[in-house]
Amino acid sequence: MRLNIAVLAGDGIGPEIVGQALRVMKAVAGKFGHELHTEEALVGAVAIDATGNPYPDATHELCMRSDAVLFGAIGHPRFDNDPSAKVRPEQGLLAMRKKLGLYANIRPLITFPSLLDKSPLKTDRIEGADFVAIRELTGGLYFGQPQGRSENGNTAYDTCLYTREEVERILKLSFEFARKRRKKLTVVDKANVLATSRLWRQVSKEMEPQYPDVEVEYMFVDNAAMQLIQWPKRFDVMVTENMFGDILTDEASVIAGSLGMLPSASVGVHTSVFEPIHGSYPQAAGKNIANPCATILSAAMLFEYAYNLNEEAALIRKAVEASLEAGAVTEDLTDDKSKALTTSAVGDWIVQYILK
Ligand code: IPM
Ligand code: MN
């Protein structure tokens with residue numbers, strides 16, 4: 001099979017982690033007889049520097065004509081500390097999600113046996129946790145208009161806005177996801193306070209009869225934040241609003257042992273994007289110390305979701321698990337930093353496992 005992949009490495013550690021994921025993809029493609037074609041494009045702060053636009057048209061066109069996008073990270077401290085910046089790297093990521101119609105961000109969470117002791121949570125609580133958080137990605141507080149400042153600058157506003165159509169499509173995807181798993185769906189909201197949450201709940205209740213085999217529960221987001229680390233095994237599929245999903249999944253990463261382990265797939269209308277859930281980690285940029293596993297596991301999701309190449313995906317996951325078991329890990333996963341491997345050495349280990 002010919003695989004046409006757009007590669008958007010972005011900022012910070014993006015190029016380093018994407019570089020390792022690409023090596024892994026090449027190894028897998030070679031092993032299974034696929035022709036891997038990749039083309040790179042700019043996004044984020046590097047795109048602002050080069051073109052003034054964090055998501056240039058040329059990048060969008062490349063994404064549109066590719067089968068899938070492998071994405072690194074975006075963000076730069078020089079913008080984080082400048083609230084008056086008119087153009088921000090994050091706008092590139094949001095524009096990409098919006099223009100590609102990527103309304104669902106699928107964030108699976110599993111625990112790896114060899115990382116159980118890396119979590120600050122007790123092993124009996126997390127062992128065997130296996131759930132999928134589905135984060136709505138193109139609506140809610142991130143995109144609702146109006147957003148801005150009053151003329152005197154002393155009042156600021158963001159709008160949480162959802163249409164029935166947006167809620168229906170993300171819930172449909174989530175019900176169907178639950179159907180393929182343990183058939184339990186948790187709709188996370190703040191329906192005791194927010195009008196948008198009440199719309200989500202109403203629409204979900206209307207849809208329930210179409211999925212009699214799926215058990216649905218409704219949970220307030222504050223409660224969900226607590227239950228997630230109290231007893232994560234109770235969850236199968238959870239679906240939630242954009243910002244709730246952003247926050248809950250960073251929280252959930254402590255179950256897996258490191259934010260550097262969580263991959264994601266953003267799917268919707270046009271080309272799907274595969275991206276680690278972590279950010280650009282600017283403190284580590286260029287140091288060859290960041291954990292490449294979240295991006296490598298995102299590449300596994302790419303094989304599975306974009307091409308249905310499940311054996312290829314399974315081999316990548318097996319290789320990552322083997323590297324963890326062998327202790328071939330970056331410093332976020334070692335107690336003794338002197339035992340940590342570099343980003344590229346972890347990549348070497350995984351590539352060699354795949355090729356053998
Ligand atoms: C994520 C990131 C982004 C988000 C940032 C970089 C805009 O945190 O993908 O989770 O908030 O969506
Ligand atoms: Mn996030």
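## Two loop residues

Lys183 sits in the loop between α7 (164-179) and β8 (184-189). Lys183 is not a glycine, yet its phi is positive, at about 65°. These values come from a predicted model.

Another backbone feature is the cis peptide bond between Gln145 and Pro146, where omega is about 5°. Pro146 belongs to the loop between β5 and β6.

## Domains

The protein chain is divided into domain 1 (1-102 + 264-356) and domain 2 (120-256). Taken over C-alpha atoms, the centres of domain 1 and domain 2 are 24 Å apart. In the contact between them, eight residues come from domain 1 and nine residues from domain 2.

## The largest pocket

Rolling a probe the size of a water molecule over the atoms shows where empty space is left. The largest pocket has a volume of about 1,000 Å³. Its lining is made up of 42 residues, and the closest to the pocket centre are Ile74, Asp80, Glu90, Tyr142 and Asp246.

Two or more lining residues come from each of β3 (68-73), α5 (89-99), β6 (148-149), β7 (156-157) and α10 (242-256). Of the elements, α5 gives the most to this lining, with five residues. Sorted by class, the lining of the largest pocket has 16 nonpolar, 13 polar and 13 charged residues. Domain 1 and domain 2 each supply at least three residues to the lining of the largest pocket.

## The second largest pocket

The second largest pocket holds about 440 Å³ of space. It is lined by 21 residues, and those nearest its centre are Pro108, Arg181, Glu304, Tyr305 and Arg317. The elements that give two or more residues to this lining are β4 (104-110), β5 (130-136), α11 (293-307) and α12 (310-325).

By class, the lining of the second largest pocket has 15 nonpolar and six charged residues, with no polar ones. At least three residues of this lining are drawn from each of domain 1 (1-102 + 264-356) and domain 2 (120-256).

## Packing of α1 and α13

How do helix α1 and helix α13 pack, and at what angle? Helix α1 (residues 14-32) and helix α13 (residues 343-355) pack at an angle of about 10°, and their axes are 9 Å apart. Angles under 35 degrees count as roughly parallel, and α1 and α13 are therefore roughly parallel to each other.

On the α1 side, the contact is made by Glu16, Gln20, Arg23, Val24, Ala27, Val28 and Lys31. On the α13 side, Thr343, Ser344, Gly347, Asp348, Ile350, Val351, Ile354 and Leu355 take part. By class, this contact of α1 with α13 has seven nonpolar, four polar and four charged residues.

Notes: Residues numbered from 1 in each chain as written. Chains lettered and ligands numbered in written order. Predicted model: local features only at pLDDT ≥ 70, side-chain atom pairs only at ≥ 80, totals over all residues. Heavy atoms only, no water. Axes fitted to C-alpha atoms, helices over the stretch in contact; angles between N-to-C directions. Helix = DSSP H or I, 4+ residues; strand = E, 2+ residues; numbered from the N terminus. Parallel < 35°, antiparallel > 145°, perpendicular 65-115°, else oblique. Contact = heavy atoms within 4.5 Å. Nonpolar A, V, L, I, M, F, W, Y, C, P; charged D, E, K, R; others polar. 1 Å grid on protein atoms, 1.4 Å probe; cavity = no way out; pocket = protein on both sides within 12 Å on 5 of 7 lines; lining within 4 Å. Points joined across faces, edges and corners; volume = space filled by probe spheres on them. Domains from an automatic or database assignment.
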